[in-house]
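I am opening this notebook to record, step by step, what I looked up and what I found. The entries go from the whole chain to single residues.

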Amino acid sequence: MENCVGERNHRLFVAYLALQLLVLLWGLYLAWSGLRFFQPWGLWLRSSGLLFATFLLLSLFSMAASLLLASHLYLVASNTTTWEFISSHRIAYLRQHPGNPFDRGLTRNLAHFFCGWPSGSWETLWAGEEEEESSGQAA
């Protein structure tokens with residue numbers, strides 16, 4: 001991709017992962033359908049060894065792509081970035097609040113990500129919470 005995955009291209013990255021997984025699964029199907037298991041071992045290895053090695057390699061790549069896609073879909077569902085997920089103990093706005101302040105529930109998170117519904121910037125969310133805390137202390 002030669003690019004960092006961020007706010008403006010995350011949707012395209014998830015679509016890329018889904019398409020990549022689809023192509024890998026199609027390759028797995030084609031490789032599996034070409035294998036014939038009703039031959040003696042030596043003859044089978046000479047005739048299908050390369051195809052079987054291709055099948056194993058495609059299986060490995062499919063597993064990696066599916067795990068990466070699943071992890072990004074989880075992050076999308078919880079409205080969390082990879083950095084926030086891995087380093088929540090280092091980030092001030094996550095240390096001070098239990099849970100994720102950006103999580104709006106599964107349906108809203110998915111609608112915002114896939115349909116592009118506006119949700120406001122994180123600066124606005126952070127400033128609103130600080131105002132609530134200061135007004136709560138003054139009362």
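What share of the 139 residues in the protein is buried? I looked this up before anything else, keeping in mind that the model is predicted, and found that buried residues make up 27% of the protein.

Entry on the overall fold. I counted the secondary structure elements and noted six helices and zero strands, so that I could write the order along the sequence as α-α-α-α-α-α. I then turned to the contacts between residues with a separation of 6 or more, and 54% of these join residues 24 or more positions apart.

Entry on the record. In UniProt I found an unreviewed entry that places the feature "transmembrane region" at residues 12-32 and 52-77, and I checked both spans against the model. Residues 12-32 are 100% helix and 0% strand, with the end C-alpha atoms 30 Å apart. Residues 52-77 are likewise 100% helix and 0% strand, and here the end C-alpha atoms lie 37 Å apart.

Entry on two helices. How do α1 and α2 pack, and at what angle? For helix α1, which covers residues 10-34, I read an angle of about 155° to α2, with the two axes 9 Å apart. Because an angle over 145 degrees counts as roughly antiparallel, I wrote down α1 as roughly antiparallel to α2. I also noted that α1 passes α2 in a left-handed crossing, and that the residues of this contact divide into 19 nonpolar, seven polar and no charged.

Entry on Ser48. Is Ser48 buried or exposed? I located this residue in helix α2, which covers residues 41-78, and found a relative accessible area of 5%. Since buried means under 20%, Ser48 is buried. Leaving aside residues up to four places away in sequence, I found that Ser48 touches Leu35 and Arg36.

Entry on Asn79. Where does Asn79 lie? I placed Asn79 in the loop between α2 and α3, the latter being residues 82-86.

How values were computed
Residues numbered from 1 in each chain as written. Predicted model: local features only at pLDDT ≥ 70, side-chain atom pairs only at ≥ 80, totals over all residues. Heavy atoms only, no water. Helix = DSSP H or I, 4+ residues; strand = E, 2+ residues; numbered from the N terminus. Buried < 20%, exposed > 50% of the residue type's maximum accessible area, 1.4 Å probe, protein only. Contact = heavy atoms within 4.5 Å. UniProt positions renumbered as here; feature names shortened; annotations may be inferred. Axes fitted to C-alpha atoms, helices over the stretch in contact; angles between N-to-C directions. Parallel < 35°, antiparallel > 145°, perpendicular 65-115°, else oblique. Left-handed = near helix turned anticlockwise from the far one by under 90°. Nonpolar A, V, L, I, M, F, W, Y, C, P; charged D, E, K, R; others polar.
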